[in-house]
Amino acid sequence: SFGVIAVGPPTLFAVLPVGGRWAVEPSFDLHRFSVQSGPSITEVAGGLRLDYAVHGGWYAGAGGQLANLKPSGGSGGTILGATVASGYRFHLAGSLGGRTEASYTMSGKNSDLNSPPINTLGLLVGLTMPLP
């Protein structure tokens, strides 16, 4: 058992415009953390979301994500979830932009990890920049 598991939104993302106000947003994250009096755990998370530009810098999105958790010296499992989000994108300086977002992820029970259904509220503040 992992004890308490909190799966948040992946932190590395790309916003890929697909036409008009729509964009596809793939995301990725990799963490390794230690649990008090337990094994270290590696978490690899990925997500895919469809975003809609509402007005100005405001946007809303929905999609799915998965997080694979594996303890050192043991077997792990994958947590699947659905995510809804809303946020604001803004210009900072030059080609740099910023982003604030609130997201809510709902994940089901996972018997491999002995975890109950998990609901996570995520708050994100990030920097954005165009790819060359």
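Select Glu101 first: this residue is buried, with a relative accessible area of 7% (buried means under 20% relative accessible area, with a 1.4 Å probe and protein chains only). The model is predicted: local features need pLDDT of at least 70 and side-chain atom pairs count only at pLDDT 80 or more, while totals for chains, interfaces and linings use all residues. Residues are numbered from 1 along each chain as its sequence is written, and side-chain values use heavy atoms, leaving out hydrogens and water.

Glu101 lies in strand β7 and Arg49 in strand β4, so the pair ties together parts 52 residues apart in sequence (strands are DSSP runs of E, at least two residues, numbered from the N terminus). Arg49 forms a further salt bridge with Asp51, with the closest N and O atoms 2.9 Å apart. To show the network of salt bridges, select Glu25, Arg49, Asp51, Arg89, Arg99 and Glu101.

Finally, select Ser27 in strand β3 (residues 22-34). At 17% relative accessibility, Ser27 counts as buried. Contacts (heavy atoms within 4.5 Å) of Ser27 include Pro10, Phe13 and Gly46, not counting residues up to four places away in sequence.

Key. Helix = DSSP H or I, 4+ residues; strand = E, 2+ residues; numbered from the N terminus. Buried < 20%, exposed > 50% of the residue type's maximum accessible area, 1.4 Å probe, protein only. Salt bridge = Lys/Arg side-chain N within 4 Å of Asp/Glu carboxyl O.
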